[in-house]
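Reader: I'd like a close look at one part of this fold, in plain talk, please. Here is what I have on screen.

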Amino acid sequence: MSTEEGVGPLPASEASEARTEPRMRVVKGRPWRIDPGRRAKWSEEDFVRRHALAIRQIGDPVLHAPAKRPTLPKAELEALVARMFASMVAAQGIGIAAPQVGVALRIAIMDVDEAGIVAIDPRIEWTSDELEDTSEGCLSVRGFYGMLQRPAAARLVALDLNARRFTLEGDELGAQCMLHETDHLSGTLYVQHLRSREDLRSVDPDETEEVTA
Ligand code: NI
């Protein structure tokens, strides 16, 4: 997913302020993560060039159908996650779902505040009644962002690469990313949540500060 810095609910100064608490937190279990070592290796220019896949764009059938729970052996899952991460880095995203690289499996990376969370078969367990207005973009809807309402907080349960269950909570951009990526696995894009066509805007070409998922 992506958000347009400066168009979102937070002024840039506030958004860049040091946070005391990450916007995405593991509250139960201890998931397999993209730790600093993997992040360094998988962000390396040569690795990204060799492993990044093309990001599928809106209209591609793989983005509009529910994905299946993966049954791959762990080594293959990890190789796929590495390719997804490289693709996300190449496209400057903060999250990515397997269907976006053409793989119809329920796997997502959620990387708000470099959380490095890999979620297999994630399900949203709870969302707050409180909603917030946000701006949101998607690597699969290139050149646009939308203004929509999302729950301000959410909780998600998923499996890690070792098939162990964990629980994740997020607020603000953290919740938005969890909802956005989980939606991808059901074949839903954020544009389907827009209240009107007017809420879809094209990205200002002068705007370089872009965060996307
Ligand atoms: Ni997306």
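In which sense do β5 and strand β8 (residues 153–159) pair, and over how many bridges? Please take me through the surroundings too.

Author: Residue numbers start from 1 along each chain as its sequence is written. pLDDT is the predictor's confidence in each residue, from 0 to 100. The chain averages 90, and 88% of its residues score at least 70.

Now your pair. β5 and β8 run antiparallel to each other, over 5 bridges. Strands here are DSSP runs of E with at least two residues, helices are runs of H or I with at least four residues, and both are numbered from the N terminus. Two strands pair if DSSP finds at least two bridges between them. You can find this pairing on your screen by looking for I120, which sits opposite L159 in β8, or for I124, whose bridge partner in β8 is L156.

β5 (residues 117–127) also pairs with β4 (residues 107–110), again antiparallel, over 4 bridges. Those two strands make a hairpin with 6 residues between them, and D113 in the turn takes a positive phi of about 55°.

Step back and you'll see an open sheet of 6 strands, ordered β2-β9-β8-β5-β4-β3, with antiparallel pairing. The edges belong to β2 (24–28) and β3 (95–97); each has a single partner strand, so one side of each is left without a neighbour in the sheet. On average, neighbouring strands are turned by 40° against each other, direction ignored. For such angles, axes are lines fitted to C-alpha atoms (for helices over the stretch in contact), and the angles run from 0 to 180 degrees between N-to-C directions.

Helix α4 (residues 74–91) lies across β3, β4 and β5, at about 45° to β4. A nonpolar core is a set of buried Ala, Val, Leu, Ile, Met, Phe, Trp, Tyr and Cys residues joined through C-beta atoms within 7 Å. Buried means 20 or more other C-beta atoms within 10 Å of a residue's own; 12 or fewer makes it exposed, anything in between partly exposed, with C-beta atoms placed from the backbone. The largest such core has 47 residues, and F85, I109 and M110 have the most contacts inside it. At least two residues each come from α4, β3, β4, β5, β8, β9 (165–171) and α5. α4 gives the largest share, 7 residues.

Leaving out residues up to four places away in sequence, M110 touches M24, G95, A115, I117, A119, C177, M178 and E181. A contact here means that two C-beta atoms, placed from the backbone, lie within 7 Å.

C177, M178 and E181 are also among the buried residues of α5. That helix (residues 173–185) has 13 residues and spans 19 Å from first C-alpha to last, close to the expected 18 Å; the expected span is 1.5 Å times one less than the number of residues. Since 12 of its 13 residues are buried, α5 is largely enclosed by the rest of the structure. Just past its end, G187 has a positive phi of about 85°.

β6 and β7 are joined over 6 bridges, with G146 in β7 as the partner of E136. F144 lies in β7 (residues 144–151) and, with 17 C-beta neighbours inside 10 Å, counts as partly exposed.

One caution: over residues 5–14 pLDDT stays under 50. Where pLDDT is low, the predicted coordinates should not be read in detail.

Note on methods. Predicted model: local features only at pLDDT ≥ 70, side-chain atom pairs only at ≥ 80, totals over all residues.
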